[in-house]
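Take a first look at this chain as a whole.

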Amino acid sequence: IHSDEERDSLALKCADRSYNIGKSKSYLDIRKIVKIAKQGNCDAIHPGYGFLSENPKFAKLCERKGITFIGTSSRMIKKLGDKVEAKKSMLKAGVPVIEGVREDLRSKRHALSVARRIGFPVIIKASSGGGGKGMRIVAKEDDIFNAYGSAKKEALNAFGDDAVYIERYLEEPSHIEFQILADKYGNVVHLGERDCSVQRRHQKLIEESPSPALSKELREILGTAAVNAVKAIGYEGAGTVEFLLDKSKNFYFIEMNTRIQVEHGVTEMVTNVDLVKEQIKLAEGAKLAYKQEDIKVEGHAIECRINAEDTSNDFAPCPGTIINYLPPGGPGIRISSSCHAGHTILPHFDSLIALLICHGKTRQEAILRMKRSLDEFVIEGVKTTIPFHRLVLSKRQFLKGRVTTSFIENNYIMQELKNLKPKKDILPKDKKVLIVTTAVSQYLAGKQQASNNKSKINPWVMAARQESMNEGSFEE
C-alpha cells in the first residue's frame, strides 16, 4: 500500500501489486487498510515498525476479519503497550522496575505528589507511547506543572491518548535491549542484546551488539530475566525487552516493544538469524526453530541511522530531493535503504534515508569499517546526519565503550556540530556527468564486443579493461 505522496517510491516500482490509500494520514486508518487487504485476498499483514505496528485496535480488527497480524496478539499489545500495566506484569514476573507511580497520573497535583515522594529528578512518560514522544525530564518542583501539561499534549497528538505516568529518572544509564523470539507453544529464546545508549531526545541514533557495558555474567543474568519475563506473561512472536543499567550495574525494566525494531539488522548481523523471516513463521504457527544453545553471537555489529537532518541546526528535518547517492560496500557492510538519486525525502514521514550496519570480528574492526563507510557514503541534495556519526566515532569515550544516554550532552557534540565545515562534493558536477556517461558507453561497448566475439567474459570486465587503456581520459 502507498499514499498519494509516494507515487514515485522504489517500493511501489518493485511491487507486484499496489494499492493507493490516499493521503499520508491514511496509514492510521485501520478500516481502510483492512478493507484493501480483504479486496486483495491477503491472509496476513506485516505492520513494519511504525504507524500501526503496536496498535491493539488494528490487530484486533485483523483478528476479527480473519487476517493474520504478523506480530503478537491484540490482547498482548494492549497489555504491554500501556507502560504502567507492563511494569506491573514485570513486577509479578520478578523483574526489577524503576521506582514510580503504578498508575496513570490523575492531575498535575498528583504528579507533584509522586515526584516529591520518589525524589527529583523524575521523568514523565506517555503511557501508550515510545520513540521519545510524550517524555519530559523534570529536575525541580517549579517545572513539574508545565512538564505535565506539555507531555500530555504531545502524547495525545502522537498516540491519540494523553495518559502519562511518572518515575525516577536515572542519570547517565546505559540503554540495553534484548531481542526475543517466542512461539505459541511456550518456547522462548533471546538473541543477545543491543546497546542503544547513543540517543538524542530519547531517540536512538547508534546501536551496537554486543553491548560493551555488559560482562559475560551480567549478560546472562539480563538475558535470563528477559526470557523468564516473556514466558511469565505468555508472549508470542518477536519482541524486545528494554532495560536501563545504572552506574552500579543494577538493571531495571523500562518497556517492551511488541514489534520488530528499526535496529533489528544489528542482531541479524551477529547471530545470522533472519528475524523478519522467523517473525512471519511464528505468526503462521510454526514452532521455534532454535533453542537457546543454538544462538551464537559472533563478532560485533554497529548501526548508524542516516537521516535527512541538518546536524548544524539542531537536527532540523531536511526534506528535499537526493541528486547523488552512492552507498559504501565491501565485506561486513549492510545497507537498508530505499533511496536513490532522484528520490525525494518527504516531510510527511520519518526522515530516515538509510540504516548503515558494519560487522567485524571485533568491536574495533566494526568501528574502523564504519568510519570508512561513512567517509565513502555519498548523499548530495539534502543534509544528513553523517557528520554527527563521524564525530561520535572519533570520541575516546565511545571508542572505549563507555557510553551512556548522556553521551551527546557530556561530550559537547551539539556545539561541535555547529562549528563543523560542510564537506565539499567529491567531484564537480560536470565531471560527475562525464564519468557516468563514460561508464555507460564503456559498458555498452563492452557488451557489444562480447556479443560479436560470442565471449563469455562479463561486460563489466571488458569495460574495466577498456578503462585501464583509456587512463587519463577524464582530464579536461
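Of the chain's 476 residues, 48% count as buried, meaning under 20% relative accessible area with a 1.4 Å probe and only protein chains considered; exposed is over 50%, and partly exposed lies in between. This is a predicted model, where local features need pLDDT of at least 70, side-chain atom pairs count only at pLDDT 80 or more, and totals for chains, interfaces and linings use all residues. Residues are numbered from 1 along each chain as its sequence is written, and side-chain values use heavy atoms, without hydrogens and water.

The chain holds 17 helices and 19 strands. These are DSSP runs, numbered from the N terminus: helices are H or I with at least four residues, strands E with at least two.

**A helix pair**

Helix α6 (residues 108-118) and helix α7 (residues 144-159) have axes that come within 9 Å and cross at roughly 120 degrees. That makes α6 oblique to α7. Oblique covers what remains after under 35 degrees (roughly parallel), over 145 (roughly antiparallel) and 65 to 115 (roughly perpendicular). Axes are lines fitted to C-alpha atoms, for helices over the stretch in contact, and angles run from 0 to 180 degrees between N-to-C directions. In α6, K108, R109, A111, L112 and A115 meet I144, F145 and Y148 of α7. Contact means heavy atoms within 4.5 Å.

**Backbone exceptions**

Most residues other than glycine have a negative phi, and most peptide bonds are trans.

| Cis peptide bond | Omega |
|---|---|
| F120 to P121 | near 0 degrees |
| S209 to P210 | near -5 degrees |

N41, not a glycine, has a positive phi of about 55 degrees. At 71% relative accessibility, N41 counts as exposed.
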